[in-house]
Amino acid sequence: MTDSLDVAALTAWLDRAAAVLEREKARLTELDAAIGDSDHGVNMARGFSAVAAKLAGAPPADPAALFKTVGMTLISTVGGAAGPLYGTLFLQAAGKATGKPTLDAPALAECLKAGLAGIVQRGKAEPGDKTMVDALGPAVAALDAAAGAPLPQALAAAAAAAEAGMAATIPLVARKGRASYLGERSAGHQDPGATSSFLLLKALADTAAG
Amino acid sequence: MTVPQPPRVALVLVSHSRALAEATAVLARQMTGDTVAIAIAAGSGPDGGELGTDATAIVDAVTAVDGPAGTVVLMDLGSALLSADLALELLDPDVAARVTLTAAPFVEGAVAAAALAGTGAPREAVAREARAALGPKAEHLGEAAEADTPPVTTAGAPSPADAVADQASADHGRTVGTAEAVIRDSAGLHARPAARLVALAAGFTATATLTDLTRGTGPAPLTSMVALARLGVRAGDRLRVAASGPDAEAAVAALAAAIESFTGTGDTPPPLHPKEVTPSGRAIPVAPGVALGPLVRLDRALPDVPERRTDDPAGETARLAAAIATARTMLGAAGRGGTAGDILAVQGALLDDPAIVGRAEALIGTERRDAASAWRAAVAEAAAAYGALDDPYLKAREADVHDIGRAVLRLLVGAAPAGAEGLRPGGPPAVLVVDDLAPSEAAQLDPATVLGVIDRRGGPTSHAAILLRAAGIPAVAGAAALVPAAGGTLAALDGTTGEVWIDPDAATQAALSARRTAFASARPAAPGGGRVTLGDGVEIALWANVSGPADARAARAAGAAGVGLLRTEMLFLDRLDPPSEDEQVAALRAIFGVFAGCPVVVRLLDAGGDKPIPYLAMAAEANPYLGVRGLRLLLARPEVLDAQLRAVLIAGHGHDVRIMLPMVTEADELARTRAALERVHAALAAAGTPHAWPVPLGIMVEVPASALTAARLAAHADFFSIGTNDLTQYTLAAERGHPGLGRFADAAHPAVLRLIAEVVAAGAAAGRPVSVCGEAAADPQVARLLVGLGVRTLSMGAASLAGVAQALDGASVPALAAAARAALAAETAEAARATVAEAAET
């Protein structure tokens, strides 16, 4: 149990995320096959395994450097739209983490909020467009609301909100990305981007829970 | 003459797919050549092999092409937009300020952007042009731009093209200019002045047109020879040149001055009427012999090609562009200067003519015709346009259009379009007059019906010339000035002196007949059975060097006992794609059939820098004779090697066929080839395909290293055949045909003879036959030296068989061996030859 995450803990989170995404690769791809170009699982697994390798090879000095490394690695290895989007999230987060040796709940909330803003600006997506914003938005709000609680509880709340947001994408009609070409036919499928967002936040919460 | 070139806007193509981006870049470069920098950022993964985009790759691409004019970025979809957007943030802010991301359609936009960027237009104009590129497509398909698609034009606003022009005008000042000029050339604006105007106009950025004010025709774009011809300009007509673009004023002035300068004195085209042509003169001697007979023109109309549709218009457009580029290179290689040079300039301009090239591309694009049928249709239309003109000078250009049409078509459809009967229509034997005989055509000529060949173009070193010599058909080349383009009933030539006569009078005819008889009687009769028995009973086998069925028949008729060198290059030259296995099998079978029951030694493709083959994409080499040629090239292209080995084995079924490897240096090369041969055999056997097996595998000894290590190579090679031409140039370090080094171009040089002796000794020790298939074997003196050194098989062009047989007939082996020993000890080729000349007298 800890109230803030240092470089080692954040590295553990990303290692766990890489493992989770590798394990969930087939399911993400299956979700993407229904309404996209069936590459999300493979792309995310490839990107985060590159992240894990990068962090193992050259451990960063502080959380800001870590986020920057993660962002740049995702940009150049993911391939699909998730690359620039998650890349932007981490680069924005790096800005908010600058000068902080560890990140507590309010600091993490700041980082995630900035990251979400970056994604919204980059992807021009709004809540309800059936995108990762639908999972990240509720998570940021939950983290904000729970910022006073111990870190593990706050992150668990964020992950739970993300999960609910993810599930809520099922009936939505996609308005962004490849899925938007399907129009009404995209309804009835869970959004793969929202799913990977939930998986990342769940991995974060699990890491903080120890 | 041209204004300083403004900096060009660069393009970056961002796509999920590396293949898509690369192909789009190829299409865009067709518009601009290399004047516009185009970079791609496409694919993801370590080598870009997977679908996806990478913002850092975009940063790298933009940085690589960044220049003062900035960069326009085109993207395909999805993450490409996000990555490009992100790349702008990651870029150096100074560089990013010069970057425009455009929502243009990817392919159309890239092509349109490249075309405008090539003119030096500014970045925003290029980006606008790219966005507007969907317009023509929508218009063509009759679709109004839909409300929810990006607007192509905004109601009430100037069209994008106007905007571009305005922008260009704002950036470069003057945009239009006109001038008038009177044409004084007595022939009007005939093809050569027209070609010069087109070439001149191409040097300016401005687009120019020409109007005939006297006749009321035009305006015609100054990019099109065909359009200019349609103006029907005659002597004394007043013409108006108009141009628009940054350097319009300079362009108009230069073009008007050029028109005024066409005085007709230096530009008189070759007269059409035979009566005005000097009836005789000297051309370039190509193949010895005298011929006199009816003049028959090889009138090669455009060959018919089936009208095929394609699913891959871009691929066909690229194929057409490649064929045109190759045809242009071949034109350039065909000759320079003089009347021939002028003709080539006209033809070169026709190859650039949008009325032909653009029309063909349009047929590919809109009707989805394949490159060959689209090109044929465009050429036929242009030729008809010329043919319909009433000016005789312009009318005659129909032949030029047909010529370039044929050249490109030949490249597109491969082997000779006409059959042998097409080359020599029925009737009595005749003298053939031809423009630029192709090797594929020369290979089909039959000495029984073709008395001689007068090539109005061509030269003594062309592959066609080699074939004519081998077939023993007297020939001259470069005779355009001596032979009219039309007319004439009787033709004569002396292939030794280069003399040509058209419609000679009775006295000349009688003299020519006498000369022909004298030439024929100077050549001894053909030997019997291709064998010569020397004084002491030793038999020398005389084989032939051949390249196609026609010279194979000539060789058989001349008594050759086998084929010591079957050159296979002719099958691979003058075409854009490699010959298929079936095609190779058919060609080889035709030759094997002529020599049924006799040994035939097939030399695998001997290509290299001196015999470049377009589709092998051989790298330019500083010294092609010392580069990747012969077997070195084949081992680098296993697919070509395997296809040829398969074809030889399949065609060789039932024949005595042997395989010879060119340019072998080390045993390892031979071992690798043998492994390939075994593999091919195993595959054919597994498939149950009948084929020749086992097949001896030998080497052509051309590299001194292989002569010096022949004893070692004998463990791997089934036979040796010495290629004296290359062996001589490599041993004496003297390039073949070097004008200053003629005395080293002699295989009788003692250094070469020593290498030959080495090979003969190694062959004898290991029981491997040794033959000679270079020019040396055809030289009666050297042939005697070779026999003296122990060579028992000589292979040569059919025309030399009789002379060599006569030189060896009744010779004594000990005397020749003594002469050869003395020759080995001599200091020069001349001294070595003297030894055998003395032996002849004793």
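Helix α1 of chain B spans residues 18-32, helices here being DSSP runs of H or I of at least four residues and strands runs of E of at least two, numbered from the N terminus. The model is predicted: local features need pLDDT of at least 70 and side-chain atom pairs count only at pLDDT 80 or more, while totals for chains, interfaces and linings use all residues. Residues are numbered from 1 along each chain as its sequence is written, chains are lettered from A and ligands numbered from 1 in the order in which they are written, and side-chain values use heavy atoms, leaving out hydrogens and water.

Within α1(B), the buried residues are A21(B), T24(B), A25(B), A28(B) and T32(B) (buried means under 20% relative accessible area, exposed over 50%, partly exposed in between, with a 1.4 Å probe and protein chains only). Seen down the helix axis, these buried residues fall within an arc of 105°, so they line one face of α1(B); the arc is that of the directions from the axis to the C-beta atoms. An α-helix has 3.6 residues a turn, so residues three or four places apart point the same way. The buried residues of α1(B) pack against β1 (10-15), β2 (38-42) and α5 (106-117) of chain B, contact meaning heavy atoms within 4.5 Å. At the start of the helix, a side-chain oxygen of S17(B) comes to within 3.3 Å of the backbone nitrogen of A19(B). Just after the helix, G33(B) adopts a positive phi of about 65°.

Although M660(B) and L566(B) are 94 residues apart in sequence, their C-alpha atoms are 9.2 Å apart in space. Beyond its neighbours within four places in sequence, M660(B) touches residues including L565(B), V602(B), I699(B), F719(B) and C773(B).

Turning to chain A, S186(A) lies in the loop between α8 (151-168) and α9. This serine is also buried, at a relative accessible area of 0%. Leaving aside neighbours within four places in sequence, S186(A) has contacts that include I35(A), K130(A) and L172(A).

Definitions and conventions: The expected span of a helix is 1.5 Å times one less than its number of residues. A polar contact is a pair of N or O atoms within 3.5 Å; within protein, one must be able to donate a hydrogen and the other to accept it, and residues adjacent in sequence count only if both atoms are side-chain atoms.
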